[in-house]
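Subject: Structure handover

Hello,

Here is the structure I said I would pass on.

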Amino acid sequence: MVLIKEVYIIRPIEVKRQKPEVVFGHSEMHVADVELIKDGLILLTYSSEKRNKRHFMSEQIMYNSPRLVLTDRDQNILNIKYLVGNVQKLHRDHLDRIFLIGQGEVHLVGVDKKNRLVLTGIPRDQFEAEILPCVDTLGTNIYFSSYDASFPAFSYFSFDKEDSTYYELCSVEDGPLMKLFRSQYTYMSGRDKVRAMDAGYTSGVDPEIVAAYMSGFHHDMYYQPLYAPMFVQDKTVMVFDHYENKLKTFGPCHEEIEEVELKHHKRKPLRNWKKLLLHDEASGVVYTVHEKGAKLQLFPLDLETGELGVPFELFYKWAENLHVDNGEVYYIYRPFGSLQKKFLYKETIR
């Protein structure tokens with residue numbers, strides 16, 4: 001038996017990734033925001049946008065010809081409602097109700113039996129006091145927060161509907177930022193310090209906190225609003241405290257289960273993390289969103305160890321307004337330099 005040496009050349013195989021699926025696209029409407037409902041979508045759309053150029057409001061966008069659009073999952077438009085005024089975004093509350101938030105008005109969005117969109121006005125002060133702070137529910141408990149974007153600390157609470165009792169679950173504070181916040185009092189003139197002390201005495205608020213608001217520090221470029229979201233999965237409440245670097249978990253009776261060290265927000269470079277977590281309620285997976293060049297990556301977060309899993313990179317660059325649902329990621333995208341409107345796409349997370 002003689003072995004003969006032979007060389008076989010294997011041609012390279014090109015594996016092409018499937019392009020994302022267009023969930024909704026229209027030749028006359030940009031997609032600004034979306035909420036998924038049982039049999040379709042509710043979309044906030046517009047024809048064009050105008051940005052406010054003042055430096056402290058540079059992110060504020062005004063939509064021209066805003067519309068609410070109801071579709072099924074096959075892109076068939078079931079109803080369109082034309083809107084008046086400066087609308088901003090859609091908001092889903094702890095009871096899965098959808099609200100349309102405007103600059104001065106808030107409306108509850110409903111769908112009647114004939115698949116028509118119905119808007120019900122709600123006083124803004126009532127919405128901000130009774131609905132916006134609520135995060136989620138578990139059993140008879142309603143979880144809410146004292147979050148204020150202009151203050152570097154807040155707490156999570158629960159309210160039991162059966163016995164009407166309140167319980168403080170945990171507090172979140174950015175320690176270094178709070179020191180800067182309070183230090184504004186030190187650098188004020190004597191007259192302003194007296195004004196801060198008088199206002200504090202009258203209102204019962206610490207004069208250093210009054211001084212910080214008097215100085216406008218919460219509008220300063222060094223001030224960053226806190227981000228420590230709460231998610232509820234099965235019978236577990238999860239608080240992602242990025243300032244103590246801990247994932248805090250609690251049971252339905254407020255008992256603390258465990259604390260897990262978080263590391264994803266300290267990955268280098270620091271700007272790599274988009275300060276965003278996405279919770280897939282169907283699968284229970286929490287994704288942390290990071291930036292790699294112009295593309296976004298979704299890392300599944302191990303809730304027992306705090307480690308990151310294998311990332312899933314979005315197909316397109318500059319994706320906006322991400323949602324995850326049942327193992328799929330939805331986002332808004334428009335090809336750079338294209339005349340195409342902003343479409344809604346989805347990809348299966350692999």
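This is a predicted model: local features need pLDDT of at least 70, side-chain atom pairs count only at pLDDT 80 or more; totals for chains, interfaces and linings use all residues.

The largest nonpolar core has 23 residues, and the members that touch the most others are Y143, Y156, L169, F181, M230 and V237. Two or more residues each come from β14 (153-160), β15 (165-173), α2 (175-183), α4 (207-215), β16 (230-233) and β17 (236-241).

Apart from neighbours within four places in sequence, L169 is in contact with Y143, Y156, F157, M230, V237, F250 and H254. On α2, the buried residues are L177, M178, F181 and S183, and they pack against β14, β15 and α4.

Strands β18 (residues 246-250) and β19 (residues 256-261) run antiparallel and are joined by five bridges. F250 has E256 of β19 as its bridge partner. Five residues lie between the two strands, and H254 in the turn has a positive phi of about 75°.

There is also an open sheet of four antiparallel strands, in the order β1-β26-β25-β24. Its edge strands, β1 (21-24) and β24 (320-325), each pair on one side only. On average, neighbouring strands in this sheet are turned by 30° against each other, ignoring direction. Between β25 (residues 328-333) and β26 (residues 343-348) there are six bridges, with V329 partnered by E347 of β26.

Regards

Technical notes
Residues are numbered from 1 along each chain as its sequence is written. Side-chain values use heavy atoms; hydrogens and water are left out. A nonpolar core is a set of buried Ala, Val, Leu, Ile, Met, Phe, Trp, Tyr and Cys residues joined through side-chain atoms within 4.5 Å. Buried means under 20% relative accessible area, exposed over 50%, partly exposed in between (1.4 Å probe, protein chains only). Contact means heavy atoms within 4.5 Å. Two strands pair if DSSP finds at least two bridges between them. Axes are lines fitted to C-alpha atoms, for helices over the stretch in contact, and angles run from 0 to 180 degrees between N-to-C directions.
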